[in-house]
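This report describes a predicted model. It takes up one residue, then an annotated span, and finally the contact between two chains.

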Amino acid sequence: MGTNAPLLAVEELSVGFGGRGSAPVKAVDGVSFSLEEGKVTGLVGESGCGKSVTSLALMGLLPDRGVEVGGRAVMQLPKGPEDLLALPQRRMRDLRGSQLAMIFQDPLSSLNPVVPIGRQVTEILKRHRGMRGEAARKEAADLLHRVGIPDPTRRLREYPHQLSGGMRQRALIAMAVACRPRLMIADEPTTALDVTIQAQILELLRDLVTEEGTALLMITHDLGVVAGLCDDINVLYAGRAVEHAPRAPLFAEPTHPYTVGLLGSIPRLDAPRGEPLTPVRGSVNDNIAWTDGCAFAPRCDHYTMDCLQGPPPLVERDSDPGHVHRCVNPIGHAEVVDRAVLDSPAVVGEEEDR
Amino acid sequence: MSLLQIKDLKVHFPIKRGVLIDRTVGHVRAVDGVSLSVEEGQTYGLVGESGCGKTTLGRAVLRLNPVTEGEVWFGGRDLAGLDAESMRRERKNLQMVFQDPLGSLNPRQNIGSILMEGLQTHGIGDGDDRRQVQQDRHNRVVEALERVGLSDRALKRYPHEFSGGQRQRIGIARALVLRPDLIICDEPVSALDVSIQAQVLNLLEELQDELGLTYLVIAHDLAVVRHVSDVVGVMYLGSLVEEASSDDIYATPLHPYTRTLMSAVPVPDPSVEDTRERILLAGDLPSPADPPAGCRFHTRCPWRQKERCDTERPELRTLRDAPSGSTHRVACHYAEEILSGQIQPSEERAERIVTGGAADGGGGSGGAEDQAH
């Protein structure tokens, strides 16, 4: 910890994808959060909410053309704080892998299929730590051993297709931690894996954060994973954070109707059986622009005319500082509109016209 | 009387090698001796990790995969023994909903034509002349669409115009339009977003209530399977390791693999997450081409005992002291001893069992707890 400033402070990050002759599509629209060392911050949301684009923007991996990135992401680097979004590509290349590292979702497609694992791991050691030959190979074997790959010296000679899914993800994690980065971004690291393997990988990430004091940004759609791993959680919807809270209050008293809907959508292993799920109706396509009002309003059971009066601001709860939501009519404030009426097929069918 | 009864089903895929002549060098034992029965009007959930053979089993019931050995009894007939044409006719009573809603719909066919195809193939439709039959078919298609929450406006549209959830609804409508007795749902929600997942699960349940359907649901997500099923079967490496009503399987999982699987499913509640037991398995699934001798799970089982587990393959059985009529069956030699705590997990693998709190003390998660209270 040491310093007062957080390791990475993201302020009003926005990413727009330009289209020829049409207005840019805002994939991320003013997202702010901060990452601290030894803590796990979660970004949760469904597909299309902008969580992956956020991570790509922070890593500087978005293409130069056709993309507008706005906002600031100030990171405490050894030589003083710097804005990641304003750094030139050359500097970012030095930082990626050494200060920032990323674990991608699909371990097979993010490893080079025609290069042995060993060379892919030592590549980072060569580039950032200047290691060569035998020393680099030994370090690579140590890394693989640390992430729980048995018989690492043999594995170093193998190709990605010879490894199982869990093993590939471990190899990716080994590459990510090779230079002891202070910040790691994990973009859906367990989505492609089986649940018992997922448990292994989550345990490994948890250990890395505890032992190394790395800051971890965990991007996932799975609220169960978030509940076990993250300290702070941001729920994203249509490119904006709709709720932010430490994990205990977020799960105990969610206030934004979207968070409540997400929690109601998940069949829980420990819940009594026979209760129907209470999902959010409609689909992500039913948004309105944030400039017109709350993007979630068309799917919300709580919406009033106030919701359509311009973009709702982020409000901090009076009773619970640190718990922020973007809603003018939060849960616990109003009665739920009768679900039965809203869930009728006619409402579901309306989106066909879009 | 059970609607579907599978007896000792085996599906083995040959592994071929050779340049000019294909030699069979071995077999992948995808499904290796599974027996189960699905009662009418109920949902049977089949759960397991990738590679355990659950999808192959579902497809083998419909004979989309060749059956190597065993019997599949449905409506008084053994499907495994039918010739291709009789099987094709029989399929109007057994339908399937596939995992990938876009991949299982022809992109060049509109929804009306996709739904109509089954009716045409099976010659379903009442009426005296062609026009009346067409009209009847049209009505059936629209009825199926409305049941899944879409309207007849969808008929002239193409699959790419729909969202993932709607495509899955169309997939369900395609199965429904033939009014089958049994629907096999292969990972019906795994490709969908969380909120859409719940909509589809609710829809499946409503349809069952209205139409008295029987489902065989195949999924990897234990929480989903438990939510929709009356009976749950857990598969590991081609065979069933445990079968029980979905309440029993959660209350008292008997097989070590079921316990592991159960402990690995994350629960969206921090207080549960911090306290629950997590059993971490060592290693990966062994290859189904060369499955371990004896109990298939013994290579990874923390409760493994000497000799018997390595050599003798356990049969699915009820507990020795179980009341008669118990439906809870398990394939483990030492289920009773493990349940009573007589056998403890072995020392070398015990470190992989994380009891909450101790492991979660660090990691900063404690900090969040402090703020909460």
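Leaving aside neighbours within four places in sequence, with which residues is B:Gly70 in contact? B:Gly70 is in contact with B:Lys7, B:Asp8, B:Leu9, B:Lys10 and B:Ala80 once those sequence neighbours are set aside. The residue belongs to strand β4 of chain B, which runs over residues 69-74. B:Gly70 counts as partly exposed because it has 18 C-beta neighbours inside 10 Å, a count that falls between the limits of 12 or fewer for exposed and 20 or more for buried. B:Leu105 stands 35 residues from B:Gly70 along the chain, and 31 Å separates the two C-alpha atoms.

In chain A, the unreviewed UniProt entry annotates residues 10-263 as "domain: ABC transporter". This span of chain A is 39% helix and 28% strand, and its end C-alpha atoms are 26 Å apart.

The contact between the chains draws 51 residues from chain A and 55 residues from chain B. On the side of chain A that touches chain B, at least two residues come from each of the following helices.

| Helix of chain A | Residues |
|---|---|
| α7 | 195-212 |
| α8 | 223-229 |
| α9 | 247-252 |
| α10 | 257-265 |
| α12 | 345-349 |

With nine residues, α7(A) gives the most to this side of chain A. By residue class, the side of chain A that touches chain B comprises 22 nonpolar, 17 polar and 12 charged residues.

Note on methods. Residues are numbered from 1 along each chain as its sequence is written. Chains are lettered from A and ligands numbered from 1 in the order in which they are written. This is a predicted model: local features need pLDDT of at least 70, side-chain atom pairs count only at pLDDT 80 or more; totals for chains, interfaces and linings use all residues. UniProt positions are given in the numbering used here, feature names are shortened, and annotations may be inferred rather than shown by experiment. Helices (H or I, at least four residues) and strands (E, at least two) are DSSP runs, numbered from the N terminus. Two residues are in contact if their C-beta atoms, placed from the backbone, lie within 7 Å. Ala, Val, Leu, Ile, Met, Phe, Trp, Tyr, Cys and Pro count as nonpolar, Asp, Glu, Lys and Arg as charged, and the others, Gly among them, as polar.
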